[in-house]
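Here is a short note for a colleague who has not seen this model before. Please keep the structure open while reading the points below.

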Amino acid sequence: MAFTLPDLPYAHDALEPAIDKATMEFHHGKHHKTYVDKLNEAVDKDDSLKDRALEDLLAHVSKLPKAIRNNGGGHWNHSLFWELLAPEGEGGEPSEALAAQIDRDLGGMDAFKEAFNEAGAGQFGSGWAWLIWKDGKLKVTSTPNQDNPLMDVADERGEVILGADVWEHAYYLKYQNRRADYLKAFWSVVNWNKVNALFDAARG
Ligand code: MN3
């Protein structure tokens, strides 16, 4: 079973003004598609990689070809990222349970957003900022390139609750070098309904 590019769950211009139409067209149609194509190429070359779930490959990337780490990570990260976003006003609000956990573990919603944006802005070069569930707590972390917290190479492993792509391809057309402005705008298009569901599933 080859991996496939998922459709966006909204129109390319649905996240404006936070994320512009042209960025979404390139980001989904070119960048994400390339990760899918290269992941399939890498899997096709090695019978031991065939018919394995993406999460299984990611959990063992330290022992697999680098192309799996880069493109498998790219495919998993972007597939989730599209679902973590929603048009402004349609993403709902953090659930009471999530908000209470954020208060407990991260010092409140404002402190959480600040820590998350700092993790993203402070990630040198390309990478991702994450909110993860680890050992019964929420934690903010970041990874380089297309790594993610599912990988056995990650400094902080855990279940992903929220992630933000901080590669230049995610924001450069509209924000140029202003990654912090992109991250500020990101909060207006977070799909809290999805985030709440991931949190509920993670804590069980
Ligand atoms: Mn990207």
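**Salt bridges and the metal site**

1. The model contains nine salt bridges, each a side-chain nitrogen of Lys or Arg within 4 Å of a carboxyl oxygen of Asp or Glu. The model is predicted: local features need pLDDT of at least 70, side-chain atom pairs count only at pLDDT 80 or more, and totals for chains, interfaces and linings use all residues. Residues are numbered from 1 along each chain as its sequence is written, and side-chain values use heavy atoms, with hydrogens and water left out.

2. Take Asp56 and Arg52. Their side chains meet in a salt bridge at 2.8 Å, N to O. Asp56 is partly exposed at 29% relative accessibility. Arg52 is partly exposed too, at 25%. (Buried means under 20% relative accessible area, exposed over 50%, partly exposed in between, with a 1.4 Å probe and protein chains only.)

3. Lys139 pairs with Glu156, with 2.8 Å between the closest N and O atoms. Lys139 lies in strand 2 (residues 137-144) and Glu156 in the loop between strand 2 and strand 3, so the pair ties together parts 17 residues apart in sequence. Helices (H or I, at least four residues) and strands (E, at least two) are DSSP runs, numbered from the N terminus. Lys139 is partly exposed, at 34%. Lys134, Lys139 and Glu156 are linked in a network of salt bridges.

4. Asp181 and Arg178 form another salt bridge, at 3.2 Å, N to O. Asp181 has a relative accessible area of 33%. For Arg178 the value is 37%.

5. Now the metal. Which residues coordinate the manganese ion? They are His27 (NE2), His78 (NE2), Asp165 (OD) and His169 (NE2), at 1.9 to 2.1 Å. Donors are N, O and S atoms within 2.8 Å of the metal (3.2 Å for Na, K and Ca); water is not among the atoms, so sites may look incomplete. Along the chain, the donors follow the spacing H-x50-H-x86-D-x3-H. His78 lies in helix 3 (residues 66-83) and His169 in the loop between strand 3 and helix 6, so the pair ties together parts 91 residues apart in sequence. His78 is buried, at 0%.

6. Look at His169 again. His169 is buried, at 17%. Polar contacts (N or O atoms within 3.5 Å; within protein, one must be able to donate a hydrogen and the other to accept it, and residues adjacent in sequence count only if both atoms are side-chain atoms) join its side chain to His27 at 3.0 Å and to Asp165 at 3.4 Å.
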